[in-house]
Amino acid sequence: MRKRLVTLASALALAVGALTASSGPAVAGTDAQQAAPPGTTVRSALPDAAMDAQAPEIPADNLMAHLREFQGIADANGGNRAHGRPGFKASADYVKGRLDAAGFTTTLQPFTYRGATGWNVVAEWPHGNPDAVVFAGAHLDGVPEGPGINDNGSGSAAVLETALAVSRADLRPEKRLRFAWWGAEELGLIGSRHYADGLGQAELDKIDVYLNFDMVGQKDTTRWGVYSHTPSVGKVFKDYFAARDIGTFDIKWDGSSDHSSFTHHGVPVSGIGSADDPCYHSACDDIDNVGPRAMGIAANAIAHTGWELAGEGGTPAHDFSVSVDPSAGSTDLGGSTTASVGTATTAGEAQRVSLTVGGLPEGATASFEPESLTSGESSVLTVATTAGTPPGTYPVTVTATGEHVTRSTTYTLTVKGSAPKGCEDAETVKSGSLTSGSSAYQPDGGYFRTTVTGAFAACLDGPDNADYDLYLQKWSGAGWTTVARGTAPAADEKLTYTGGAGYYRYRVHAYSGNGAYTLGYDTPDSHSQLIGGQDTAPRRPAGSPVPSGRLIRARCATTARAAHSRPSPPASRAGENGERHGRTAGPPEAPRAGTHTAAAAPPGGLLPGQTRRRTGLPPQRDQPLGDRRPQPAARSAEATRRPPAHRGPPHPSVHGNRGGP
């Protein structure tokens, strides 16, 4: 039996000391140590100084940005990210691109299963002892039934952002850090088995511990399961949660997630997950199934444990800190704001430091006076905006690169202003009210039908100090597809789209904030049929002229902002592209019920709008699922009633409060 060195109670806090400028409350380390399991050898604990260090805070916005990328990839590739489908390869390319830019040694490991090529993404941080590896992983694939955002975009995003935090901290751990995103887990742990089985015994012996993260972001999660295989590692997670009054329970999930590929070879494992997901393996496992609260809790537990286990390679002989005073500022469109950037030598000799900034919104620029200095000196940061800068609040990263270490801090920039009004002049006007995180579908919870090809134009007026998004969706015959979107980080949105005849609806989503909104929209023909709603007549004063579609589209075109991408928070930049949510495609898709519909009913089949009563969810793997996931509840009789005679999309009420298929 091989001897394994497992340091599970205090060692990862090493790089935390380098991250004194975290964006949130410090994550405390732990000095508790527990005996290793029988048959293992414990490496010597890190110095006491390492136990006092803290891992960097992982901003929830960064995590949601990755999940929105995964949602966008699914939207653009048939609604899923399953093995053998283009959505999975696009997901792997996205992850690899972020890691490559962050300085990791990254590889795409191919394998073949069921006639299709799959991929594992494996990344290694090129520092630390290569003979003592702390390994974190998550499966990147989903099932064909949906985008797989909680299962397992959530684990993938949490591991990715932890890796990026390692890079931002320029961590120099005692042990080697390795990260992986597995393919074809849903078909029987195929990717992770391919990897683990392909390692020789000598390489397996170098892995001190493998940490697995599966289904960690479901928005209603209040307790987290902790893998109980290696108690000393599990204790690090449990101590973290207990310090924050968050409940835990033991899980094993043997045979149903990728840790099993490593336990098969005797590698100590741990990790976290959540068992309750009403959208498990369903179409509704989309961006609305996860939440920033749950993602933030899980990812920060992962970062804390990773730092704890990796150990600190030693305190830098020459170190400094950086801060911004004030830490936040605001400006009107076209204006500017300033702050003082201070540095202080904290160890060894003073060093030369150069200053840069990232995460600015579109149209904004930053300058330092001076751009470089000696630690202990200060500089003035000036952020200037233009009339085209999207209003909103942006976490901006100030990075100080020294001769020996790199440090960073966050400055919160608020750009005041709003998009021009004018939605009241549209052919059809609807209104409603939302709370943060909720959505509404217009017209009146239903949809409308157009009979000609032409241009759509829509304006959304949301409440002040909120961030509302607008999506135009078209019925594909099997589900709703987003065809146009307005997702600027502000209350007001505009969009235009040219499309053919069919069934359409608008989704209004409160990304943040609460309050009333007004939606105005034009359709290609002025006689679009409202279906399933409450009001069939546009809300215009009696006798008033109806503006032409050309007039409304021109008004929207002249007032719309040039770009609707969101700027990235400090830890979520892809090449400093300035997108808050890190997405180039893939807004929050409409909630989908976990049902199957068809554009035309096969013999003995169902018509659009009808649903199958599901008495249980069959396993999607070659392995039994054990106690891992709950079965979905049976549907009510209302959910099986026949659709209207027009055979368009089912009325949203058929699917309860999830807004449609």
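Contact here means heavy atoms within 4.5 Å. With that in hand, 79% of the contacts in the protein chain between residues at least 6 apart in sequence join residues at least 24 apart. This is a predicted model, in which local features need pLDDT of at least 70 and side-chain atom pairs count only at pLDDT 80 or more, while totals for chains, interfaces and linings use all residues. Residues are numbered from 1 along each chain as its sequence is written, and side-chain values use heavy atoms, with hydrogens and water left out.

**View 1. The protein chain as a whole.** The chain holds 10 helices and 27 strands; helices (H or I, at least four residues) and strands (E, at least two) are DSSP runs numbered from the N terminus. Of its 661 residues, 57% count as buried, where buried means under 20% relative accessible area, exposed over 50% and partly exposed in between (1.4 Å probe, protein chains only).

**View 2. An open sheet of 8 strands.** Follow the order S1-S2-S4-S3-S5-S8-S6-S7, with mixed pairing; two strands pair if DSSP finds at least two bridges between them. Strand S1 (105-113) and strand S7 (247-251) are at the edges with a single partner strand each, so one side of each has no neighbour in the sheet. From one strand to the next, the twist averages 20°; axes are lines fitted to C-alpha atoms, for helices over the stretch in contact, and angles run from 0 to 180 degrees between N-to-C directions.

View 3. Threonine 105 has glutamate 124 in S2 as its bridge partner, and threonine 106 stands opposite alanine 123 of S2. The hairpin has 2 residues between the strands, and arginine 114 takes a positive phi near 55°.

**View 4. Helix H2 against helix H9.** How do H2 (residues 60-76) and H9 (residues 292-310) pack? Their angle is about 110° and their axes are 9 Å apart. That makes H2 roughly perpendicular to H9 (angles under 35 degrees count as roughly parallel, over 145 as roughly antiparallel, 65 to 115 as roughly perpendicular and the rest as oblique). Ala60, Leu63, Met64 and Leu67 of H2 meet Pro292, Met295, Gly296 and Ala299 of H9. These contact residues divide into 7 nonpolar, 1 polar and no charged; Ala, Val, Leu, Ile, Met, Phe, Trp, Tyr, Cys and Pro count as nonpolar, Asp, Glu, Lys and Arg as charged, and the others, Gly among them, as polar.

**View 5. Two nonpolar cores.** Such a core is a set of buried Ala, Val, Leu, Ile, Met, Phe, Trp, Tyr and Cys residues joined through side-chain atoms within 4.5 Å. Trp181, Phe241 and Ile272 touch the most other members of the largest core, which has 61 residues. H9 gives the most to this core, with 11 residues. Leaving out residues up to four places away in sequence, tryptophan 181 touches residues including Val95, Leu99, Trp119 and Leu160. A second, separate core of 21 residues includes Val341, Val353, Phe368 and Val398.

**View 6. Backbone details to look for.** A cis peptide bond with omega of about 5° joins aspartate 151 and asparagine 152, and asparagine 152 is in helix H4 (residues 149-169). Aspartate 170, in the loop between H4 and strand S4 (175-182), has a positive phi of about 50° although it is not a glycine. Aspartate 170 counts as partly exposed at 24% relative accessibility, whereas aspartate 245 counts as exposed at 76%.
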